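Q: Take me through this one, please, and then zoom in on a single part of it. I'd like to see how that part is put together.

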Amino acid sequence: MESFVTDAINLKSYNLSESDKIMVMYSRDRGLIRGVAKGVKKPKSKLGARMDLLVANKLMLHKGRNLDTISQAEAFNTFNATRRNMDKIFYSMYVTEVVNNFGVEDDPCSATIFDLLYETLSAISKAEDKIHIMNTVLKFQLKMMRVSGFSLELDKCLCCGKPIENENMYFSGYFGGVVCFECNHKYNLSDVMHYKLRDYLSALANTELDDTSEYEEKATEKVCCVCFELLKSYINSHSAKKFRSTEILQEVG
């Protein structure tokens, strides 16, 4: 039976039988993969906690006709600090759901997306406060959509193409960018974006996860939440699947 080895992060799981689960994972080499974890719900399972959500494993899988079978798993990061903080848990759930919704099998961008997801989960786990968590998530949202081919246009009006500098504008998640005040009579958008908020998002889009821009140092939790909601609506409008983690966030918030 053909087998392969890959690094993968657990995104979701489904019960298959009394003792087995189907694991949905994002792998560095093959993009989105699904595998059966046989006997994982038994007390003495050799896979055990390695099949918990938000765990990064080095896996060996045997190829199957419909589903692969996970034969070995060695955890190399359980993001342990995340499990002691509700904000970290919920925002980690959100980023994994984004990857699950936009990831595909045999993804040509699998290494880039895997590294982005892994670095995001690591940064969330190490974050000292909610603002740090949310700055990390905002960077992830912007970078994940760029990799997926849905980059935001934040510098020019989507309608007339005029550069928007030190003036307010309208934001459209559906159209994927900003519209100037003059052109908005065609769209009747309601989300007004201050140009400093746009500058903040532009800075985040061009800052690595392990770096900190001057905008991040000045950001408040309210600013982070406003930007998260804008980007969430943008991502939702381009996703074929419904998001469930954000519903939980709203209920808890």
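A: The 33 positive and 34 negative charges of the protein have mean positions 7 Å apart. Here Lys and Arg count as positive and Asp and Glu as negative, leaving out His and the chain ends, with each charge placed at NZ of Lys, CZ of Arg, CG of Asp or CD of Glu.

Keep in mind that this is a predicted model: local features need pLDDT of at least 70, side-chain atom pairs count only at pLDDT 80 or more, and totals for chains, interfaces and linings use all residues. Numbering runs from 1 along each chain as its sequence is written, and side-chain values use heavy atoms, without hydrogens or water.

The protein has 7 helices and 8 strands (DSSP runs numbered from the N terminus: H or I of at least four residues, E of at least two).

Now the part to zoom in on: an open, antiparallel sheet of 3 strands, in the order β7-β6-β8. Its edge strands, β7 (177-179) and β8 (192-193), each pair on one side only; pairing takes at least two DSSP bridges. Strand β6 (residues 169-172) runs antiparallel to β7 over 3 bridges, and Phe171 sits opposite Val178 in β7.

In the loop between α3 (130-147) and β6 you'll find Cys159. Cys159 counts as partly exposed because its relative accessibility is 26% (buried is under 20%, exposed over 50%, partly exposed in between, with a 1.4 Å probe and protein chains only). Leaving aside residues up to four places away in sequence, Cys159 touches Cys183, Lys186 and Tyr187, contact being heavy atoms within 4.5 Å.
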